[in-house]
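Work through the exercises below with the model open. Each task is followed by its solution.

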Amino acid sequence: EFEQITASMNEGLVLLDKRGVIISINDAAKRLFGVNDSVVSCNFLTVDRSVDMSKGIEKAIQGKHSEFHEERNGREYHFVINRTEFEGNIVGVVILFFDVTETAYAERNRREFTANVSHELKTPLTSISGFAEMMMHGGTPENTVIDFSTTIYKAAQRLITLVSDIMKISELDEGANLPEREKVDLYALSKEIITR
């Protein structure tokens, strides 16, 4: 029953005795480590020699909880290693791992998106705030006020466009239809960015 239950798990599960010998290994773990049933009764070091794994097992034997991320075969995994006890004595170690590739990818994208948005919003806001502050204190010549007002207007328009783009991205995340394509003159766009 135990083997049938663990065989259908998406998560990898390895049970070791207190000497580090494999008692049980489910199908997901066999796939990750590239082994078969013949590894049962072998020391886990014959299956995996990664430094993080060895340290994690060692910590678990000492009674400390261990967790780490590791990339394997182009995918990212989260490993959790704990010791098992019976009446206060160590009887073995449990290694459980999850494929967190999609979650890690989404988190990296979220951080990158937040950093980009913060930078893109800060630039026009700095212009608006700076020029408005100069005008607020008075004494600014009329022709300069027109220049400042123009810059403030353009920065505000840029903010409106950015907010609109963020809303479109949010809609795309929620499964909305792809936006319409439009041709962009990269030379003119580059010039505009340099001027800004």
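**Exercise 1.** Does F68 count as buried or exposed, and at what relative accessibility?

Solution. The model is predicted: local features need pLDDT of at least 70, side-chain atom pairs count only at pLDDT 80 or more, and totals for chains, interfaces and linings use all residues. Residues are numbered from 1 along each chain as its sequence is written, and side-chain values use heavy atoms, with hydrogens and water left out.
- Buried means under 20% relative accessible area, exposed over 50%, partly exposed in between (1.4 Å probe, protein chains only).
- F68 has 9% relative accessibility, so F68 counts as buried.

**Exercise 2.** Classify the ring pair F68 and F79.

Solution.
- Rings of Phe, Tyr and Trp (its six-membered ring) pair if their centres lie within 6.5 Å; planes under 30 degrees apart are stacked, over 60 edge-to-face, the rest tilted.
- The search of the whole structure gives seven aromatic pairs.
- For F68 and F79 the centres are 4.9 Å apart and the planes at 15°, so this pair is stacked.
- F68 belongs to strand 3 (residues 66-72) and F79 to strand 4 (residues 75-86), 11 residues apart. Strands (E, at least two residues) are DSSP runs numbered from the N terminus.
- F79 is buried too, with a relative accessible area of 0%.

**Exercise 3.** Classify the pair Y77 and F97, and locate both residues.

Solution.
- The centre-to-centre distance is 5.8 Å and the planes are 85° apart, an edge-to-face pair.
- Y77 is in strand 4 and F97 in strand 5 (residues 89-99), so the pair ties together parts 20 residues apart in sequence.
- Both Y77 and F97 are buried.
- One aromatic cluster holds F33, F44, F68, Y77, F79 and F97.

Definitions and conventions: Helices (H or I, at least four residues) and strands (E, at least two) are DSSP runs, numbered from the N terminus.
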